[in-house]
Amino acid sequence: MRGDGMRYFDELETRSADQRAGGIARALPAQLASAQKAPAIAALLAGIDVSTITSVDDLANLPVTRKSELVSGQSKSAPFGGFTTVGASEFEHIFQSPGPIYEPGRLGGDWWRMGRFLHAAGVGRGDIIQNCFSYHLTPAGMIFESGARAVGATVLPAGIGQTELQVRAAHDIGVTAYAGTPDYLKVILDRAETEGLALKIKRAVVGGGALFPSLRHEYADRGITCLQCYATADLGNIAYESEAMDGMIVDEGVIVEIVIPGTGIPVAAGEVGEVLVTTLNPDYPLIRFATGDLSAVLLGESPCGRTNMRIKGWMGRADQTTKIKGMFVRPEQVADFVAKHPEVQKARVIATRKDEQDILTVKVEATSSDAALLAASVIETLKLRGNIEIVPVGSLPNDGKVIDDQRSYD
């Protein structure tokens, strides 16, 4: 329930199928027409009569945009590669994500559409939310702060790290909600127990990594309701859980398609495919943006009463890119690591879990090498700390896999 007694964030969440289709029929051609003010989008839509694109099915007639196009565009036309409809100086923020890739941000109007998720999680006026997403270069901290403002919650802009201070602040201020990666809340709770400090956290809104069922259950046992969203730095909030915890409800400000990976061809409802997202953001109008994530449509409507399409959540990557400790690790990063060390024949990144924490291990085929030097190179190349295991040449499987995610998502 919202502080004003309303169960839903707005009336858009409970529209009928016909009402939602009518809304898309009006919004989509207008969005595409406006998007052509962005040079890269104008080139993408060249020769297409956008007035004829009035439904989700019609989007299949448009080309797919991939992250590699953002990177190549930004290398030619900094900072946004021609994908925004306004100039860089008109945005309140410019962020940098690993790549590097630059993303714009605005302060007004819940620009990343995170308020709907926080409201569904029961966070609102009267709550103090400890925002443990990074405020340094990447947009995650501001994305969740924007959502907190949209629902009237007070924010403690904690960022990441400094756990002792985080615990003390949560205790002293009377924090009632947590925002951050799924794992870090457990670190805070465990430290608070060790120090004998009682916390008032009752709700958690998480993202940036998988919320494993065992961890959600542990939080529930500690009296904390933990819900997750599916969001990216480029797109903002895409889908989110409600109190029903039955799939993820697609946000009203985006259009989601599930397609055969590597193509723009839609799959049948219920089949697993790659997630494409078209935003209705007038400033940064990404069209059929390929996330590289796999998911599937979950048939039917959520028991919570929200009527938009649901997806089953994150079901892996269309490529081998894997999120570990809240950071993406990509095959090309592993290739760069190998290229830096002539003595290394092959490397394999392995993701596992222990004590509700991600563990990164890099198995390296090498005749001889300095493990400490390789560990430092892993930090430099993958931007994460990892364990190094030097194994005999020829011992790693010859299956083309360089990133092996061994974590259980059941």
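Strand S12, residues 273–279, has seven of its seven residues buried, so the strand is largely enclosed by the rest of the structure. Buried here means under 20% relative accessible area, with exposed over 50% and partly exposed in between, for a 1.4 Å probe and protein chains only. Helices (H or I, at least four residues) and strands (E, at least two) are DSSP runs, numbered from the N terminus.

A word on the basis: this is a predicted model, in which local features need pLDDT of at least 70 and side-chain atom pairs count only at pLDDT 80 or more, while totals for chains, interfaces and linings use all residues. Residues are numbered from 1 along each chain as its sequence is written, and side-chain values use heavy atoms, leaving out hydrogens and water.

I turn now to another sheet. Four strands form an open sheet in the order S20-S19-S18-S21, with mixed pairing. Strands S20 (387–391) and S21 (403–405) stand at the edges with a single partner strand each, so one side of each is left without a neighbour in the sheet. From one strand to the next, the twist averages 20°. Axes are lines fitted to C-alpha atoms, for helices over the stretch in contact, and angles run from 0 to 180 degrees between N-to-C directions. Strand S18, residues 344–354, runs parallel to S21 and is joined to it by three bridges; Ala 351 stands opposite Asp 405 in S21.

Two helices accompany this sheet. Helix H9, residues 331–339, packs on the sheet and touches S18, strand S19 (357–366) and S21 (contact meaning heavy atoms within 4.5 Å). The direction of H9 makes about 130° with that of S18. Helix H10, residues 371–382, lies across S18, S19 and S20, at about 125° to S20.

Finally, the aromatic rings. Rings of Phe, Tyr and Trp (its six-membered ring) pair if their centres lie within 6.5 Å; planes under 30 degrees apart count as stacked, over 60 as edge-to-face and the rest as tilted. This rule gives six aromatic pairs. In one of them, Trp 111 and Trp 112 have ring centres 5.3 Å apart and planes at 90°, so the pair is edge-to-face.

Key: Two strands pair if DSSP finds at least two bridges between them.
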